[in-house]
Amino acid sequence: MIDRAVVRVPGKINLQLSVGPLQKDGYHELATVFQSVSLYDELTLTVLDSDEIVIESDGKSGIPDGKENLAFRAAELMRRSFEIESGIAIKIKKEIPIAGGMAGGSANAGATIVGIDSLFGLGLNRNEMEKLGSEIGADVPFTISGGTAIGTGRGDRITPVLSRGAYHWVLALSSSGLSTPAVYNECDRLREGMDIAAPHVSDELLQSLTHGDAKSLGKKLVNDLQPAACSLKPALRLILDVGIDYGALGGIVSGSGPTVAFLAENEEHALDLVVALTSSGVVGNVVRAQGPVPGARVVSDRT
Ligand code: C5P
């Protein structure tokens, strides 16, 4: 056993998020294509002598420290599943926006599973870790594998996808988040009385990824939650318009929002877009990220 593990985990964008009808279990069937992008949270897990789970934030991020924190729930699940008696401290340094539609909370759960596997030498494979992750939340399994992948079911059944090249993203971050259940509820409200078909992953979008064709990918980006996110936060429409006017290959609300992701042609184009969006005054915080990148990884440990 080691006594400390540091795990780095990226955020994600949904290149496609097609939402089926509401099911009896309160979830929606999804057909989604995830891509991990280079905004990272870093978790430091330390074994404690006590039997507690302690969440420590970097102070400024304002993450919950109890059961509402998905990392806390993941640590509880791991201790229960593997009869771990020692407590665990989890220090979270955040770069992924909180409640931003980039799976920040889920990524912290994924990283906790990977970190505890390493701390206690459990020797779990990725599939086993993803299965545990799906007990915590629909987005957790993807944060463990990362890269580019299709998600079906609740979005928790992951199949890797061939993707060539690097994609350059410009992310417009909001100062306040959106609640995922609230966005799904709003989506149901907007679609009331409509016949909603079972969702399917777009073959054309997959082809764009296979060819590494950013231009065509930009036109295929689609998110069924976008109208709902824009309805709850109308400023997102303006941000989307401004990014497209400034020449983004495509723009989309990421997951349940409110982060807006714009696809650029290359690094230089991404830099131009950052400058244009920042000077437009409609977005407070604009950052660049590249995808795909690998999922949760132990970056250092110490015995
Ligand atoms: O699984 P997770 O806890 O991340 O999901 C948060 C909420 O998002 C769920 O409680 C549900 O309201 C909504 N959701 C959904 N259908 C999915 C995934 C999430 O309705 N496939």
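Visitor: What percentage of the 303 residues of the protein count as buried?
Guide: This is a predicted model, and a residue is called buried when its relative accessible area is under 20%. By that cut-off, the share of the 303 residues of the protein that count as buried is 54%.

Visitor: Which residues touch the most other members of the largest nonpolar core?
Guide: The largest nonpolar core has 62 residues, while a second, separate core of 28 residues includes Leu30, Val183, Ile239 and Val283. Within the largest core, the residues that touch the most other members are Ile90, Trp169, Leu171 and Leu209.

Visitor: With which residues is Ile90 in contact, leaving aside its neighbours within four places in sequence?
Guide: Contact here requires heavy atoms within 4.5 Å. With those sequence neighbours left aside, the partners of Ile90 are Leu43, Thr44, Leu45, Ile53, Val54, Ile55, Glu56, Ala71, Ala75 and Thr112.

Visitor: Among contacts with a separation of 6 or more, what percentage joins residues 24 or more positions apart?
Guide: The count covers the contacts in the protein whose separation is 6 or more. Of these, the part that residues 24 or more positions apart account for is 76%.

Visitor: Why is the protein said to be as compact as a globular protein of its length?
Guide: The protein contains ten helices and twelve strands, and its C-alpha trace spans about 55 × 45 × 35 Å along the principal axes. For 303 residues the globule rule gives 19 Å, and the protein is as compact as a globular protein of that length because its radius of gyration is close to that value, at 19 Å.

Key: Residues are numbered from 1 along each chain as its sequence is written. This is a predicted model: local features need pLDDT of at least 70, side-chain atom pairs count only at pLDDT 80 or more; totals for chains, interfaces and linings use all residues. Side-chain values use heavy atoms; hydrogens and water are left out. Helices (H or I, at least four residues) and strands (E, at least two) are DSSP runs, numbered from the N terminus. The radius of gyration is taken over C-alpha atoms; the globule rule is 2.2 Å times the number of residues to the power 0.38. Buried means under 20% relative accessible area, exposed over 50%, partly exposed in between (1.4 Å probe, protein chains only). A nonpolar core is a set of buried Ala, Val, Leu, Ile, Met, Phe, Trp, Tyr and Cys residues joined through side-chain atoms within 4.5 Å.
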